[in-house]
Amino acid sequence: MDNYIVSARKYRPATFDHVIGQKALTTTLKNAIATGKLAHAYLFCGPRGVGKTTCARIFAKTINCLAPTDKGEACNQCESCRAFNENRSYNIHELDAASNNSVEDIRSLIEQVRIPPQVGKYKVFIIDEVHMLSAAAFNAFLKTLEEPPAHAIFILATTEKHKILPTILSRCQIYDFNRMEAGAIVEHLKHVADNEGYTYEEEALGVIAHKADGGMRDALSIFDQVASFTGGNISYKKVIEDLNVLDYDYYFSLTDSLLKTDIPAALLTLNEILSKGFEANHFIGGLASHFRDLLVSRDAVTLPLLEVADSIRQRYSKQAGRCKLPFLYKALKLCNNCDLNYRTSRNKRLLVEITLIEVAQASQDDGPGSGPGPAKKLSPLFNHAEKKESSAPAENKNSSPAAVRETVTATTRPARQQPDSGTARPVSSGPAYKKLQTISIRKKAETTTEEEHTQPPVSGASPENPVTANNEKAFEENELHYQWYRFAAALPKEKSAIAGRMKNMRPHLQAGWHIDVAIENDQVKIYMEEMAPEILAYLRKHLDNGKITLSFHVMEKQEQTRAYSRKEQLAAMLKKSPELVLLRKELELELT
(Lines give C-alpha, C1' and ligand atoms only; values in the text may rest on other atoms or scores of the structure.)
Protein backbone atom coordinates (compact mmCIF):
# COMPACT_ATOMS: atom_id res chain seq x y z
CA MET A 1 0.00 0.00 0.00
CA ASP A 2 1.43 3.36 -1.04
CA ASN A 3 1.95 6.01 1.59
CA TYR A 4 -0.93 8.46 1.67
CA ILE A 5 0.01 12.11 1.11
CA VAL A 6 -2.39 14.79 2.27
CA SER A 7 -3.68 17.21 -0.35
CA ALA A 8 -1.88 20.18 1.22
CA ARG A 9 1.46 18.50 0.43
CA LYS A 10 0.46 16.64 -2.71
CA TYR A 11 -0.87 19.75 -4.46
CA ARG A 12 1.71 22.16 -3.10
CA PRO A 13 2.69 24.60 -5.92
CA ALA A 14 6.05 23.91 -7.57
CA THR A 15 6.20 27.05 -9.73
CA PHE A 16 5.18 30.69 -9.36
CA ASP A 17 2.37 30.24 -11.88
CA HIS A 18 0.73 27.61 -9.66
CA VAL A 19 0.63 29.88 -6.61
CA ILE A 20 -2.98 30.95 -6.01
CA GLY A 21 -4.15 34.35 -4.84
CA GLN A 22 -0.73 36.09 -4.68
CA LYS A 23 -0.34 37.30 -8.27
CA ALA A 24 1.29 40.65 -7.43
CA LEU A 25 3.93 39.09 -5.17
CA THR A 26 4.89 36.28 -7.54
CA THR A 27 5.16 38.75 -10.45
CA THR A 28 7.49 40.95 -8.39
CA LEU A 29 9.73 38.01 -7.48
CA LYS A 30 9.87 36.74 -11.07
CA ASN A 31 10.84 40.20 -12.34
CA ALA A 32 13.56 40.48 -9.70
CA ILE A 33 15.01 37.13 -10.81
CA ALA A 34 14.81 38.04 -14.51
CA THR A 35 16.62 41.36 -13.99
CA GLY A 36 19.11 39.99 -11.49
CA LYS A 37 18.09 42.56 -8.86
CA LEU A 38 18.03 40.28 -5.86
CA ALA A 39 18.01 41.59 -2.31
CA HIS A 40 20.04 39.89 0.41
CA ALA A 41 17.08 39.60 2.82
CA TYR A 42 13.33 39.15 2.34
CA LEU A 43 10.50 39.07 4.86
CA PHE A 44 7.36 37.15 3.90
CA CYS A 45 4.51 37.90 6.31
CA GLY A 46 0.81 37.10 6.36
CA PRO A 47 -1.81 34.71 7.77
CA ARG A 48 -1.24 30.98 8.00
CA GLY A 49 -1.60 28.79 4.95
CA VAL A 50 -1.37 31.48 2.25
CA GLY A 51 1.91 30.39 0.63
CA LYS A 52 4.75 32.15 2.46
CA THR A 53 7.05 29.13 2.86
CA THR A 54 5.98 27.73 -0.51
CA CYS A 55 6.96 30.93 -2.30
CA ALA A 56 10.26 31.00 -0.39
CA ARG A 57 11.10 27.49 -1.63
CA ILE A 58 10.10 28.25 -5.22
CA PHE A 59 12.18 31.44 -5.08
CA ALA A 60 15.22 29.55 -3.73
CA LYS A 61 14.83 26.88 -6.40
CA THR A 62 14.43 29.37 -9.26
CA ILE A 63 17.45 31.58 -8.46
CA ASN A 64 19.70 28.51 -8.44
CA CYS A 65 18.27 27.05 -11.65
CA LEU A 66 21.02 26.67 -14.29
CA ALA A 67 18.62 27.06 -17.26
CA PRO A 68 15.50 29.05 -16.32
CA THR A 69 12.60 29.28 -18.79
CA ASP A 70 11.54 32.36 -20.70
CA LYS A 71 8.72 32.90 -18.19
CA GLY A 72 11.16 33.13 -15.29
CA GLU A 73 10.38 29.65 -13.91
CA ALA A 74 12.77 26.86 -12.93
CA CYS A 75 13.43 24.28 -15.62
CA ASN A 76 13.17 21.20 -13.34
CA GLN A 77 15.79 19.51 -15.52
CA CYS A 78 19.17 20.77 -14.32
CA GLU A 79 21.13 19.27 -11.45
CA SER A 80 20.16 22.04 -9.04
CA CYS A 81 16.41 21.61 -9.74
CA ARG A 82 16.60 17.83 -9.49
CA ALA A 83 18.45 18.07 -6.18
CA PHE A 84 15.78 20.42 -4.87
CA ASN A 85 12.91 18.19 -6.06
CA GLU A 86 14.54 15.15 -4.44
CA ASN A 87 15.15 17.00 -1.13
CA ARG A 88 18.95 16.59 -1.33
CA SER A 89 19.98 20.15 -2.14
CA TYR A 90 22.72 21.67 0.02
CA ASN A 91 22.00 25.17 -1.20
CA ILE A 92 18.71 25.55 0.67
CA HIS A 93 18.59 25.49 4.46
CA GLU A 94 15.38 25.74 6.47
CA LEU A 95 15.36 26.66 10.14
CA ASP A 96 12.33 26.49 12.41
CA ALA A 97 12.75 29.48 14.70
CA ALA A 98 10.02 28.20 17.03
CA SER A 99 12.30 25.37 18.24
CA ASN A 100 15.70 26.90 17.35
CA ASN A 101 15.44 30.34 18.86
CA SER A 102 18.57 30.61 20.99
CA VAL A 103 21.81 32.50 20.38
CA GLU A 104 23.69 29.20 19.81
CA ASP A 105 21.32 28.26 16.98
CA ILE A 106 21.90 31.58 15.25
CA ARG A 107 25.68 31.28 15.67
CA SER A 108 25.57 27.83 14.07
CA LEU A 109 23.60 29.33 11.18
CA ILE A 110 26.14 32.12 10.76
CA GLU A 111 28.95 29.54 10.45
CA GLN A 112 27.07 27.82 7.63
CA VAL A 113 26.61 31.15 5.84
CA ARG A 114 30.37 31.43 5.29
CA ILE A 115 30.52 28.23 3.19
CA PRO A 116 29.86 28.98 -0.51
CA PRO A 117 27.46 26.80 -2.56
CA GLN A 118 28.80 23.76 -4.42
CA VAL A 119 26.13 23.82 -7.16
CA GLY A 120 24.33 26.98 -8.25
CA LYS A 121 24.94 30.61 -7.38
CA TYR A 122 23.26 31.17 -4.02
CA LYS A 123 22.80 29.67 -0.62
CA VAL A 124 19.29 30.40 0.61
CA PHE A 125 18.42 30.33 4.32
CA ILE A 126 14.67 30.13 5.05
CA ILE A 127 13.84 30.94 8.68
CA ASP A 128 10.22 30.10 9.45
CA GLU A 129 8.29 31.73 12.32
CA VAL A 130 11.14 34.17 12.76
CA HIS A 131 9.20 36.19 15.35
CA MET A 132 9.88 33.36 17.83
CA LEU A 133 13.59 34.22 18.03
CA SER A 134 14.72 35.62 21.35
CA ALA A 135 15.94 39.19 21.64
CA ALA A 136 19.50 37.99 22.09
CA ALA A 137 19.25 35.81 18.98
CA PHE A 138 17.93 38.77 16.98
CA ASN A 139 20.85 40.90 18.10
CA ALA A 140 23.35 38.18 17.20
CA PHE A 141 21.74 37.93 13.76
CA LEU A 142 21.73 41.66 12.96
CA LYS A 143 25.26 42.09 11.56
CA THR A 144 25.11 39.02 9.33
CA LEU A 145 21.64 39.97 8.08
CA GLU A 146 22.82 43.45 7.13
CA GLU A 147 26.08 42.47 5.41
CA PRO A 148 25.96 38.79 4.39
CA PRO A 149 28.33 37.21 1.88
CA ALA A 150 27.46 37.72 -1.78
CA HIS A 151 26.24 34.14 -2.13
CA ALA A 152 23.85 34.24 0.87
CA ILE A 153 20.17 35.20 0.72
CA PHE A 154 17.87 35.16 3.76
CA ILE A 155 14.12 34.63 3.53
CA LEU A 156 12.29 35.21 6.82
CA ALA A 157 8.69 34.05 7.18
CA THR A 158 6.29 35.04 9.95
CA THR A 159 2.61 35.30 10.80
CA GLU A 160 3.17 38.12 13.33
CA LYS A 161 5.22 40.92 11.82
CA HIS A 162 4.53 43.26 14.73
CA LYS A 163 6.68 41.07 17.03
CA ILE A 164 9.83 41.51 14.94
CA LEU A 165 12.38 44.14 15.95
CA PRO A 166 12.36 47.30 13.82
CA THR A 167 16.11 46.84 13.22
CA ILE A 168 15.33 43.53 11.50
CA LEU A 169 12.47 44.98 9.45
CA SER A 170 14.65 47.82 8.15
CA ARG A 171 17.14 45.31 6.70
CA CYS A 172 14.56 43.32 4.68
CA GLN A 173 12.31 43.71 1.67
CA ILE A 174 8.84 43.10 3.10
CA TYR A 175 6.19 41.16 1.18
CA ASP A 176 2.69 41.03 2.70
CA PHE A 177 0.68 37.98 1.69
CA ASN A 178 -3.11 38.40 1.60
CA ARG A 179 -5.87 36.06 2.65
CA MET A 180 -7.24 34.10 -0.27
CA GLU A 181 -10.71 34.83 -1.57
CA ALA A 182 -13.36 32.17 -1.16
CA GLY A 183 -13.87 32.00 -4.92
CA ALA A 184 -10.19 31.22 -5.56
CA ILE A 185 -10.24 28.50 -2.91
CA VAL A 186 -13.37 26.93 -4.41
CA GLU A 187 -11.77 26.82 -7.87
CA HIS A 188 -8.66 25.11 -6.50
CA LEU A 189 -10.77 22.60 -4.57
CA LYS A 190 -12.63 21.79 -7.79
CA HIS A 191 -9.29 21.08 -9.46
CA VAL A 192 -8.22 18.79 -6.60
CA ALA A 193 -11.58 16.98 -6.56
CA ASP A 194 -11.43 16.37 -10.32
CA ASN A 195 -7.91 14.96 -10.06
CA GLU A 196 -8.90 12.68 -7.18
CA GLY A 197 -12.10 11.52 -8.88
CA TYR A 198 -14.45 12.94 -6.25
CA THR A 199 -17.99 14.15 -6.93
CA TYR A 200 -18.98 17.41 -5.28
CA GLU A 201 -21.57 20.14 -4.93
CA GLU A 202 -20.36 23.70 -5.36
CA GLU A 203 -22.28 24.78 -2.23
CA ALA A 204 -20.33 22.19 -0.23
CA LEU A 205 -16.98 23.53 -1.46
CA GLY A 206 -18.19 27.04 -0.61
CA VAL A 207 -18.79 25.99 3.00
CA ILE A 208 -15.26 24.54 3.15
CA ALA A 209 -13.82 27.78 1.74
CA HIS A 210 -15.63 29.90 4.36
CA LYS A 211 -14.53 27.56 7.12
CA ALA A 212 -10.90 27.89 6.01
CA ASP A 213 -11.03 31.68 6.55
CA GLY A 214 -8.71 32.58 3.68
CA GLY A 215 -6.09 29.84 4.18
CA MET A 216 -5.50 27.35 1.37
CA ARG A 217 -3.73 24.84 3.60
CA ASP A 218 -6.68 24.85 6.02
CA ALA A 219 -9.09 24.44 3.10
CA LEU A 220 -7.21 21.38 1.77
CA SER A 221 -7.05 19.83 5.25
CA ILE A 222 -10.81 20.28 5.70
CA PHE A 223 -11.32 18.94 2.17
CA ASP A 224 -9.47 15.71 3.04
CA GLN A 225 -11.51 15.34 6.22
CA VAL A 226 -14.82 15.80 4.40
CA ALA A 227 -13.76 13.46 1.58
CA SER A 228 -13.07 10.72 4.12
CA PHE A 229 -16.43 11.29 5.82
CA THR A 230 -18.47 11.31 2.59
CA GLY A 231 -16.54 8.57 0.80
CA GLY A 232 -15.67 10.88 -2.10
CA ASN A 233 -19.25 12.16 -2.62
CA ILE A 234 -18.96 15.66 -1.18
CA SER A 235 -22.51 16.97 -0.71
CA TYR A 236 -23.72 20.11 1.04
CA LYS A 237 -25.68 18.26 3.75
CA LYS A 238 -22.79 15.93 4.53
CA VAL A 239 -20.36 18.84 4.81
CA ILE A 240 -22.44 20.84 7.30
CA GLU A 241 -23.02 17.64 9.28
CA ASP A 242 -19.33 16.78 9.42
CA LEU A 243 -18.12 20.32 10.15
CA ASN A 244 -20.98 21.12 12.55
CA VAL A 245 -21.93 24.24 10.60
CA LEU A 246 -25.34 25.91 10.76
CA ASP A 247 -27.29 25.48 7.54
CA TYR A 248 -28.25 28.52 5.47
CA ASP A 249 -31.87 27.31 5.67
CA TYR A 250 -32.04 28.13 9.38
CA TYR A 251 -31.12 31.76 8.79
CA PHE A 252 -33.42 32.15 5.79
CA SER A 253 -36.43 30.66 7.60
CA LEU A 254 -35.67 32.63 10.77
CA THR A 255 -35.47 35.88 8.80
CA ASP A 256 -38.82 35.09 7.16
CA SER A 257 -40.35 34.62 10.63
CA LEU A 258 -38.87 37.91 11.85
CA LEU A 259 -40.19 39.78 8.82
CA LYS A 260 -43.67 38.40 9.53
CA THR A 261 -43.32 39.33 13.23
CA ASP A 262 -43.89 35.64 13.98
CA ILE A 263 -42.03 35.59 17.29
CA PRO A 264 -43.16 32.07 18.36
CA ALA A 265 -41.75 30.58 15.14
CA ALA A 266 -38.47 32.46 15.63
CA LEU A 267 -38.12 31.20 19.21
CA LEU A 268 -38.86 27.63 18.11
CA THR A 269 -36.16 27.89 15.43
CA LEU A 270 -33.69 29.09 18.05
CA ASN A 271 -34.64 26.21 20.33
CA GLU A 272 -34.05 23.71 17.49
CA ILE A 273 -30.61 25.19 16.82
CA LEU A 274 -29.61 25.06 20.49
CA SER A 275 -30.90 21.49 20.83
CA LYS A 276 -28.45 20.41 18.11
CA GLY A 277 -25.52 21.52 20.24
CA PHE A 278 -24.76 24.91 18.70
CA GLU A 279 -23.69 27.71 21.02
CA ALA A 280 -25.96 30.74 21.13
CA ASN A 281 -23.07 33.16 20.54
CA HIS A 282 -22.11 31.31 17.34
CA PHE A 283 -25.74 31.51 16.25
CA ILE A 284 -26.02 35.24 16.87
CA GLY A 285 -22.75 35.82 15.03
CA GLY A 286 -24.04 33.80 12.08
CA LEU A 287 -27.32 35.74 12.12
CA ALA A 288 -25.41 39.03 12.01
CA SER A 289 -23.41 37.72 9.04
CA HIS A 290 -26.68 36.71 7.36
CA PHE A 291 -28.10 40.23 7.75
CA ARG A 292 -24.82 41.62 6.43
CA ASP A 293 -25.07 39.39 3.36
CA LEU A 294 -28.66 40.53 2.82
CA LEU A 295 -27.49 44.13 3.03
CA VAL A 296 -24.78 43.71 0.38
CA SER A 297 -27.21 41.76 -1.83
CA ARG A 298 -29.48 44.78 -2.22
CA ASP A 299 -27.02 46.78 -4.30
CA ALA A 300 -25.24 45.67 -7.48
CA VAL A 301 -22.17 47.68 -6.39
CA THR A 302 -21.71 45.67 -3.18
CA LEU A 303 -22.83 42.34 -4.64
CA PRO A 304 -19.22 41.13 -5.20
CA LEU A 305 -18.80 41.18 -1.41
CA LEU A 306 -21.20 38.21 -1.23
CA GLU A 307 -18.93 35.15 -1.50
CA VAL A 308 -21.42 32.28 -1.87
CA ALA A 309 -22.47 29.83 -4.56
CA ASP A 310 -24.82 30.96 -7.32
CA SER A 311 -27.83 29.06 -5.95
CA ILE A 312 -27.37 30.61 -2.49
CA ARG A 313 -26.80 34.00 -4.12
CA GLN A 314 -30.25 33.83 -5.71
CA ARG A 315 -31.88 33.09 -2.36
CA TYR A 316 -30.10 36.06 -0.81
CA SER A 317 -31.22 38.33 -3.64
CA LYS A 318 -34.83 37.19 -3.30
CA GLN A 319 -35.00 37.66 0.47
CA ALA A 320 -33.09 40.95 0.37
CA GLY A 321 -35.85 42.36 -1.84
CA ARG A 322 -38.32 41.90 1.03
CA CYS A 323 -36.08 43.61 3.61
CA LYS A 324 -36.04 47.37 3.94
CA LEU A 325 -32.75 49.09 4.68
CA PRO A 326 -33.84 50.51 8.08
CA PHE A 327 -34.75 46.99 9.21
CA LEU A 328 -31.36 45.61 8.20
CA TYR A 329 -29.54 48.48 9.92
CA LYS A 330 -31.47 47.94 13.16
CA ALA A 331 -31.06 44.15 12.98
CA LEU A 332 -27.29 44.43 12.51
CA LYS A 333 -27.00 46.82 15.45
CA LEU A 334 -29.13 44.62 17.71
CA CYS A 335 -27.15 41.48 16.83
CA ASN A 336 -23.86 43.29 17.39
CA ASN A 337 -25.00 44.56 20.81
CA CYS A 338 -26.10 41.04 21.74
CA ASP A 339 -22.69 39.69 20.75
CA LEU A 340 -20.94 42.34 22.86
CA ASN A 341 -23.13 41.68 25.93
CA TYR A 342 -23.18 37.89 25.59
CA ARG A 343 -20.13 37.19 27.72
CA THR A 344 -21.30 39.28 30.69
CA SER A 345 -24.92 38.13 30.58
CA ARG A 346 -26.06 35.67 33.26
CA ASN A 347 -29.03 34.38 31.27
CA LYS A 348 -27.48 34.07 27.81
CA ARG A 349 -30.41 32.34 26.15
CA LEU A 350 -32.81 35.03 27.37
CA LEU A 351 -30.50 37.69 25.95
CA VAL A 352 -30.61 36.06 22.51
CA GLU A 353 -34.39 35.60 22.68
CA ILE A 354 -34.90 39.27 23.58
CA THR A 355 -32.70 40.22 20.64
CA LEU A 356 -34.88 38.18 18.27
CA ILE A 357 -38.01 39.86 19.66
CA GLU A 358 -36.47 43.31 19.17
CA VAL A 359 -35.47 42.43 15.60
CA ALA A 360 -39.02 41.27 14.90
CA GLN A 361 -40.40 44.55 16.25
CA ALA A 362 -37.87 46.44 14.13
CA SER A 363 -39.33 44.75 11.06
CA GLN A 364 -42.88 45.94 11.79
CA ASP A 365 -41.64 49.40 12.83
CA ASP A 366 -40.26 49.81 9.35
CA GLY A 367 -43.74 50.43 7.99
CA PRO A 368 -45.68 48.83 5.16
CA GLY A 369 -43.68 46.73 2.79
CA SER A 370 -41.05 45.60 5.25
CA GLY A 371 -42.14 42.00 4.93
CA PRO A 372 -44.75 39.82 3.28
CA GLY A 373 -48.35 40.57 4.10
CA PRO A 374 -49.81 43.68 5.69
CA ALA A 375 -47.82 45.51 8.31
CA LYS A 376 -48.73 44.70 11.89
CA LYS A 377 -48.77 46.85 14.99
CA LEU A 378 -48.22 45.59 18.49
CA SER A 379 -51.17 46.16 20.80
CA PRO A 380 -50.45 48.20 23.95
CA LEU A 381 -50.21 46.31 27.21
CA PHE A 382 -52.53 48.71 29.01
CA ASN A 383 -55.50 50.84 28.03
CA HIS A 384 -53.80 54.16 28.58
CA ALA A 385 -56.58 56.59 27.82
CA GLU A 386 -60.06 56.92 29.20
CA LYS A 387 -63.05 57.88 27.13
CA LYS A 388 -62.95 61.29 28.68
CA GLU A 389 -59.36 61.78 27.63
CA SER A 390 -60.05 60.53 24.12
CA SER A 391 -62.37 63.49 23.61
CA ALA A 392 -59.80 66.04 24.81
CA PRO A 393 -59.70 69.46 23.12
CA ALA A 394 -57.88 69.66 19.83
CA GLU A 395 -55.36 72.06 21.27
CA ASN A 396 -53.89 69.29 23.42
CA LYS A 397 -53.62 66.90 20.48
CA ASN A 398 -51.45 69.27 18.51
CA SER A 399 -48.71 69.45 21.09
CA SER A 400 -45.23 70.01 19.70
CA PRO A 401 -43.02 66.90 19.77
CA ALA A 402 -39.87 69.00 19.81
CA ALA A 403 -39.97 69.54 23.56
CA VAL A 404 -39.17 65.98 24.47
CA ARG A 405 -36.49 63.32 23.99
CA GLU A 406 -37.79 59.75 24.61
CA THR A 407 -40.86 57.93 25.91
CA VAL A 408 -41.71 58.82 29.51
CA THR A 409 -44.81 58.26 31.62
CA ALA A 410 -46.58 61.39 32.79
CA THR A 411 -48.77 61.25 35.89
CA THR A 412 -51.39 63.93 36.34
CA ARG A 413 -51.35 65.13 39.93
CA PRO A 414 -54.17 66.74 41.90
CA ALA A 415 -54.36 70.49 41.64
CA ARG A 416 -52.68 72.54 44.32
CA GLN A 417 -52.76 76.18 45.26
CA GLN A 418 -50.27 78.63 43.83
CA PRO A 419 -47.42 79.46 46.26
CA ASP A 420 -46.81 83.03 47.39
CA SER A 421 -50.45 83.86 46.79
CA GLY A 422 -53.16 84.60 49.25
CA THR A 423 -56.01 83.24 47.21
CA ALA A 424 -56.40 79.81 45.79
CA ARG A 425 -56.42 79.29 42.06
CA PRO A 426 -59.44 77.59 40.51
CA VAL A 427 -59.01 73.84 40.32
CA SER A 428 -59.98 71.92 37.20
CA SER A 429 -62.76 69.42 37.62
CA GLY A 430 -62.20 65.68 37.26
CA PRO A 431 -60.85 62.81 39.31
CA ALA A 432 -57.98 63.53 41.60
CA TYR A 433 -55.82 60.75 40.12
CA LYS A 434 -55.94 59.58 36.52
CA LYS A 435 -54.51 56.59 34.77
CA LEU A 436 -50.94 56.69 33.54
CA GLN A 437 -50.71 58.29 30.14
CA THR A 438 -47.89 57.37 27.75
CA ILE A 439 -46.49 60.35 25.92
CA SER A 440 -44.26 59.82 22.88
CA ILE A 441 -41.15 61.93 23.13
CA ARG A 442 -39.17 62.47 19.96
CA LYS A 443 -35.94 64.19 19.13
CA LYS A 444 -36.14 67.85 18.25
CA ALA A 445 -34.21 67.36 15.04
CA GLU A 446 -36.78 64.89 13.68
CA THR A 447 -39.81 67.20 13.60
CA THR A 448 -39.99 70.94 13.29
CA THR A 449 -43.42 72.46 13.70
CA GLU A 450 -44.78 75.93 13.93
CA GLU A 451 -45.00 75.66 17.70
CA GLU A 452 -41.18 75.42 17.91
CA HIS A 453 -40.73 78.70 16.08
CA THR A 454 -43.36 80.47 18.21
CA GLN A 455 -41.87 79.55 21.60
CA PRO A 456 -41.92 82.46 24.06
CA PRO A 457 -38.67 84.07 25.15
CA VAL A 458 -36.81 82.69 28.14
CA SER A 459 -37.69 85.50 30.49
CA GLY A 460 -40.21 88.32 30.68
CA ALA A 461 -43.81 88.32 29.54
CA SER A 462 -44.56 85.18 27.55
CA PRO A 463 -46.98 84.96 24.59
CA GLU A 464 -49.59 82.29 24.83
CA ASN A 465 -48.44 78.75 24.24
CA PRO A 466 -50.72 77.21 21.58
CA VAL A 467 -50.61 73.87 23.41
CA THR A 468 -51.78 74.85 26.90
CA ALA A 469 -52.31 78.59 26.58
CA ASN A 470 -55.61 78.61 28.51
CA ASN A 471 -54.44 76.28 31.27
CA GLU A 472 -53.18 77.70 34.53
CA LYS A 473 -53.12 74.70 36.80
CA ALA A 474 -51.53 75.18 40.20
CA PHE A 475 -48.45 73.17 41.18
CA GLU A 476 -45.85 73.18 43.91
CA GLU A 477 -42.07 73.30 43.81
CA ASN A 478 -41.65 69.58 44.52
CA GLU A 479 -43.69 68.82 41.39
CA LEU A 480 -41.48 71.24 39.46
CA HIS A 481 -38.36 69.40 40.69
CA TYR A 482 -39.87 66.07 39.67
CA GLN A 483 -40.60 67.17 36.09
CA TRP A 484 -37.22 68.91 35.84
CA TYR A 485 -35.43 65.69 36.79
CA ARG A 486 -37.50 63.67 34.32
CA PHE A 487 -36.59 66.01 31.47
CA ALA A 488 -32.90 65.67 32.36
CA ALA A 489 -33.17 61.87 32.54
CA ALA A 490 -34.80 61.75 29.08
CA LEU A 491 -31.95 63.54 27.32
CA PRO A 492 -29.96 61.45 24.80
CA LYS A 493 -26.50 60.05 25.51
CA GLU A 494 -24.71 62.79 23.57
CA LYS A 495 -26.07 65.29 26.13
CA SER A 496 -25.22 63.24 29.20
CA ALA A 497 -22.91 65.99 30.54
CA ILE A 498 -25.57 68.69 30.55
CA ALA A 499 -28.10 66.14 31.86
CA GLY A 500 -25.88 65.49 34.88
CA ARG A 501 -25.65 69.19 35.59
CA MET A 502 -29.42 69.62 35.29
CA LYS A 503 -30.00 66.87 37.86
CA ASN A 504 -27.94 68.87 40.36
CA MET A 505 -29.80 72.12 39.69
CA ARG A 506 -32.72 73.22 41.90
CA PRO A 507 -35.20 75.42 40.04
CA HIS A 508 -37.09 77.87 42.30
CA LEU A 509 -40.75 78.71 41.78
CA GLN A 510 -41.53 82.40 42.12
CA ALA A 511 -44.66 84.50 41.89
CA GLY A 512 -46.60 84.52 38.64
CA TRP A 513 -45.48 80.99 37.77
CA HIS A 514 -41.97 82.21 37.02
CA ILE A 515 -39.16 79.66 37.40
CA ASP A 516 -35.64 80.87 38.16
CA VAL A 517 -32.60 78.57 37.97
CA ALA A 518 -29.17 79.30 39.41
CA ILE A 519 -26.30 78.28 37.06
CA GLU A 520 -22.68 77.53 38.00
CA ASN A 521 -20.96 79.59 35.31
CA ASP A 522 -21.52 81.52 32.08
CA GLN A 523 -20.70 78.58 29.80
CA VAL A 524 -23.36 76.36 31.36
CA LYS A 525 -25.80 79.28 31.16
CA ILE A 526 -25.25 79.44 27.38
CA TYR A 527 -26.08 75.73 27.03
CA MET A 528 -29.16 76.06 29.21
CA GLU A 529 -30.46 79.08 27.32
CA GLU A 530 -30.14 77.12 24.07
CA MET A 531 -32.30 74.38 25.58
CA ALA A 532 -34.70 76.80 27.25
CA PRO A 533 -37.49 76.53 24.62
CA GLU A 534 -37.52 72.74 24.96
CA ILE A 535 -37.48 72.85 28.76
CA LEU A 536 -40.21 75.47 28.87
CA ALA A 537 -42.51 73.59 26.48
CA TYR A 538 -41.95 70.38 28.44
CA LEU A 539 -42.76 71.96 31.80
CA ARG A 540 -45.86 73.73 30.47
CA LYS A 541 -47.18 70.49 29.05
CA HIS A 542 -46.46 68.20 32.00
CA LEU A 543 -47.39 70.71 34.67
CA ASP A 544 -50.49 71.71 32.66
CA ASN A 545 -49.77 75.40 33.01
CA GLY A 546 -49.30 77.64 29.96
CA LYS A 547 -48.30 80.69 32.04
CA ILE A 548 -44.92 79.31 33.10
CA THR A 549 -41.87 81.45 32.28
CA LEU A 550 -38.22 80.52 32.73
CA SER A 551 -34.99 82.41 33.39
CA PHE A 552 -31.39 81.59 34.36
CA HIS A 553 -28.76 83.47 36.33
CA VAL A 554 -25.17 82.76 37.32
CA MET A 555 -25.09 82.14 41.06
CA GLU A 556 -23.21 84.47 43.36
CA LYS A 557 -20.43 83.28 45.64
CA GLN A 558 -22.71 83.19 48.66
CA GLU A 559 -25.09 80.92 46.76
CA GLN A 560 -22.43 78.36 45.94
CA THR A 561 -22.19 75.45 48.28
CA ARG A 562 -18.93 73.93 49.39
CA ALA A 563 -17.88 70.62 50.90
CA TYR A 564 -17.68 70.65 54.69
CA SER A 565 -14.91 68.96 56.66
CA ARG A 566 -15.67 66.24 59.18
CA LYS A 567 -15.17 68.61 62.09
CA GLU A 568 -17.57 71.14 60.58
CA GLN A 569 -20.13 68.41 60.01
CA LEU A 570 -19.83 67.26 63.64
CA ALA A 571 -20.19 70.82 64.92
CA ALA A 572 -23.36 71.29 62.88
CA MET A 573 -24.81 68.00 64.21
CA LEU A 574 -24.02 68.91 67.82
CA LYS A 575 -25.65 72.29 67.36
CA LYS A 576 -28.87 70.74 66.09
CA SER A 577 -29.07 67.87 68.62
CA PRO A 578 -28.48 68.53 72.36
CA GLU A 579 -28.99 64.80 73.01
CA LEU A 580 -25.96 64.06 70.85
CA VAL A 581 -23.90 66.40 73.05
CA LEU A 582 -24.90 64.45 76.17
CA LEU A 583 -24.21 61.12 74.51
CA ARG A 584 -20.79 62.27 73.46
CA LYS A 585 -19.91 63.35 77.01
CA GLU A 586 -21.17 60.15 78.64
CA LEU A 587 -19.37 57.84 76.20
CA GLU A 588 -16.32 60.13 75.97
CA LEU A 589 -16.41 60.04 72.18
CA GLU A 590 -13.80 61.91 70.17
CA LEU A 591 -13.49 62.52 66.41
CA THR A 592 -10.48 60.62 65.06
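**The parallel sheet and its surroundings**

Modeller: Strand β1, which covers residues 41–45, is joined by five bridges to strand β4, residues 152–158, and the two strands run parallel. Helices (H or I, at least four residues) and strands (E, at least two) are DSSP runs, numbered from the N terminus. Two strands pair if DSSP finds at least two bridges between them. In this pair, F44 stands opposite A157 of β4. In general, the strands of a sheet pair through backbone hydrogen bonds, in either a parallel or an antiparallel way.

Before going further, please keep in mind that this is a predicted model, in which local features need a pLDDT of at least 70 and side-chain atom pairs count only at pLDDT 80 or more, whereas totals for chains, interfaces and linings use all residues. Residues are numbered from 1 along each chain as its sequence is written, and side-chain values use heavy atoms, with hydrogens and water left out.

The pair of β1 and β4 belongs to an open sheet of five strands, which follow one another in the order β2-β3-β4-β1-β5 with parallel pairing. At its edges are β2 (92–96) and β5 (173–176), each of which pairs on one side only. From one strand to the next, the twist averages 20°. Helix α6, made of residues 135–146, lies across β1, β3 (123–128) and β4, and runs at about 130° to β4. Axes are lines fitted to C-alpha atoms, for helices over the stretch in contact (heavy atoms within 4.5 Å), and angles run from 0 to 180 degrees between N-to-C directions.

The side chains of D213 and R179 meet in a salt bridge at 3.7 Å from N to O; the term stands for a side-chain nitrogen of Lys or Arg within 4 Å of a carboxyl oxygen of Asp or Glu. Both partners count as partly exposed, D213 with a relative accessible area of 45% and R179 at 46%. On this scale, buried means under 20% relative accessible area and exposed over 50%, with partly exposed in between (1.4 Å probe, protein chains only).

Helix α8 itself (residues 182–196) contains E196, whose partner K10 sits in helix α1 (residues 7–10), and this pair links distant parts of the chain, 186 residues apart. The side chains of K10 and E196 meet in their salt bridge at 3.0 Å from N to O, with K10 partly exposed at 48% and E196 partly exposed at 27%. These belong to a total of 21 salt bridges in the structure, and E79, R82, E86 and R88 are linked in a network of such bridges. Elsewhere, R292 and D293 meet through their side chains at 2.9 Å, N to O; here R292 is partly exposed at 35%, whereas D293 is buried at 12%.

Between α3 (52–63) and α4 (79–85) there is a loop that holds N76. Its phi is near 65°, a positive value in a residue other than glycine, and N76 is partly exposed with a relative accessible area of 29%. A positive phi near 60° is also found at T261, which has its place in the loop between α12 (248–259) and α13 (263–275), but T261 is buried, at 16%. As background, most residues other than glycine have a negative phi.

A further open sheet has three strands in the order β10-β11-β12, and its pairing is mixed. Its edge strands are β10 (508–510) and β12 (549–554), each pairing on one side only, and neighbouring strands of this sheet are turned by 30° against each other on average, direction ignored. Within this sheet, β11 (residues 514–519) pairs with β12 in the parallel sense over six bridges, and I519 stands opposite V554 of β12. Helix α21 (residues 477–489) packs on the sheet and touches β10, β11 and β12, its direction making about 130° with that of β10. Helix α23 (residues 522–542) lies across β11 and β12, and runs at about 165° to β12.

To place these parts in the whole, the chain has 25 helices and twelve strands, and 41% of its 592 residues count as buried.
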